Amino acid sequence: GSSFFAFFLWSMLRAGLRQWPCLLASRRVVSSSRRSIHRATDETNTLPMKLTYSRVGMVPVFVACHCSGLHGPAAAIFGGAAATDWLDGYLARRWNQCTPWGAFLDPVADKLMVGTALVAVAAAHPSAVLVTVACMHINREIWVSALREWAATQKSAEATASAAEGERDAQATEPRLVVGDLGKLKAATQFVALQLILTAYVIDDPEQAAMVYYLGVGLLVVSAGFGVASAWQYTKSI
């Protein structure tokens with residue numbers, strides 16, 4: 001009986017020793033997963049990310065104010081969105097809190113607000129110039145977004161082919177779309193132009209309102225030119 005008990009204990013101990021490396025590996029995987037989850041949570045809970053989220057949340061509030069005739073609050077909301085667009089990027093770089101999710105969401109938040117504002121001002125005073133320029137801006141964003149998606153697909157295909165061959169460097173031939181000066185000029189003039197147009201709705205003096213409004217429309221036309229030029233630049237780069 002004692003011999004059987006000793007053999008049983010030894011068998012259980014040996015089985016445990018054999019599974020110990022697997023248990024260690026499993027604990028490392030679980031620990032790594034937990035760290036990844038905590039890290040992802042921390043990365044999305046930073047002040048720059050909260051500012052970006054707030055910019056997305058401003059979009060329906062802007063629509064509600066604009067459609068209700070509350071042009072003052074609508075202009076203020078758009079101005080706040082433009083300010084947080086600069087601030088969240090500045091803080092993320094200064095505090096070293098740049099993340100892939102933030103890099104993705106930041107331009108998306110801009111496009112949501114700008115696209116909504118373009119539709120709002122074009123619907124409020126549908127002139128041929130304003131509608132055409134709004135269409136140019138929106139179609140430009142669709143085109144560039146499609147280019148980025150295609151470039152990402154090509155990058156993935158190149159990386160897969162390079163890994164299979166084990167010879168070529170995937171970084172050597174991957175398509176890249178880097179924001180250039182024309183794209184930055186387009187964004188800056190676009191925000192200023194829309195802010196001028198929205199502010200014109202608040203001005204009581206008809207002459208001053210008209211001057212600010214048409215200044216905004218003119219600047220929006222210039223911004224559309226920057227947008228088309230930058231889209232062509234992106235297209236040639238890939």
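This is a predicted model: local features need pLDDT of at least 70, side-chain atom pairs count only at pLDDT 80 or more; totals for chains, interfaces and linings use all residues.
In helix H7, the residues that count as buried are Gly 183, Lys 186, Thr 189, Gln 190, Phe 191, Ala 193, Leu 194, Ile 197, Leu 198 and Ala 200. H7 runs through residues 181–200. Its 20 residues reach 29 Å from the first C-alpha to the last, close to the 28 Å expected at 1.5 Å a residue. An α-helix has 3.6 residues a turn, so residues three or four places apart point the same way. That rule is handy when looking along the buried residues listed above.

One of these buried residues is Gln 190. Its relative accessibility is 4%, so Gln 190 counts as buried, the cut-off being under 20%. Leaving aside residues up to four places away in sequence, Gln 190 touches Val 114, Leu 118, His 137, Leu 220 and Ser 223.

Stepping back, the protein as a whole contains 8 helices and 0 strands, giving the pattern α-α-α-α-α-α-α-α along the sequence. Of its 238 residues, 32% count as buried. Among contacts between residues at least 6 apart in sequence, 75% join residues at least 24 apart. The protein exposes about 14,600 Å², and carbon and sulfur atoms supply 67% of that area.

Along the way, H2 has a kink of about 30° at Met 58, shortly before the proline Pro 60. Met 58 is also among the buried residues of H2, as are Arg 55, Val 59 and Phe 62. Just after H2, Gly 69 takes a positive phi of about 80°.

Most residues other than glycine have a negative phi. Asn 96 is not a glycine, yet its phi is positive, at about 55°. Asn 96 sits in the loop between helix H3 (71–94) and H4, where it is exposed, with a relative accessible area of 70%.

Charged side chains come next. Side chains of opposite charge can pair when their charged atoms come close. A search of the whole structure finds 7 salt bridges. In one of them, Arg 55 pairs with Asp 106, and the closest N and O atoms are 2.6 Å apart. Arg 55 lies in helix H2 and Asp 106 in helix H4, so this pair ties together parts that are 51 residues apart in sequence. Both Arg 55 and Asp 106 are buried.

Glu 141 takes part in two of the pairs described here. With Lys 111, the salt bridge has an N to O distance of 3.4 Å; this pair links Lys 111 in helix H4 to Glu 141 in helix H5 (residues 128–165), 30 residues apart. With Lys 186, the N to O distance is 2.7 Å, and this pair links helix H5 to helix H7 across 45 residues. Lys 186 counts as buried at 7% relative accessibility, and Glu 141 is buried at 13%, whereas Lys 111 is partly exposed at 35%.

On the surface, Tyr 53, Trp 101 and Phe 104 form a nonpolar patch, with about 310 Å² of accessible area together. Phe 104 belongs to helix H4 (residues 100–124) and is partly exposed, with a relative accessible area of 46%.

Technical notes
Residues are numbered from 1 along each chain as its sequence is written. Side-chain values use heavy atoms; hydrogens and water are left out. The bend at a residue is the angle between axes fitted to the seven residues ending there and the seven starting there. Helices (H or I, at least four residues) and strands (E, at least two) are DSSP runs, numbered from the N terminus. Buried means under 20% relative accessible area, exposed over 50%, partly exposed in between (1.4 Å probe, protein chains only). Patches are made of residues with over 30% relative accessible area and no salt bridge: like charges are joined within 9 Å, nonpolar side chains (Val, Leu, Ile, Met, Phe, Trp, Tyr) within 5 Å. Accessible areas come from the Shrake-Rupley method with a 1.4 Å probe; for residues, only the protein chains shown count as cover. A salt bridge is a side-chain nitrogen of Lys or Arg within 4 Å of a carboxyl oxygen of Asp or Glu. Contact means heavy atoms within 4.5 Å. The expected span of a helix is 1.5 Å times one less than its number of residues.
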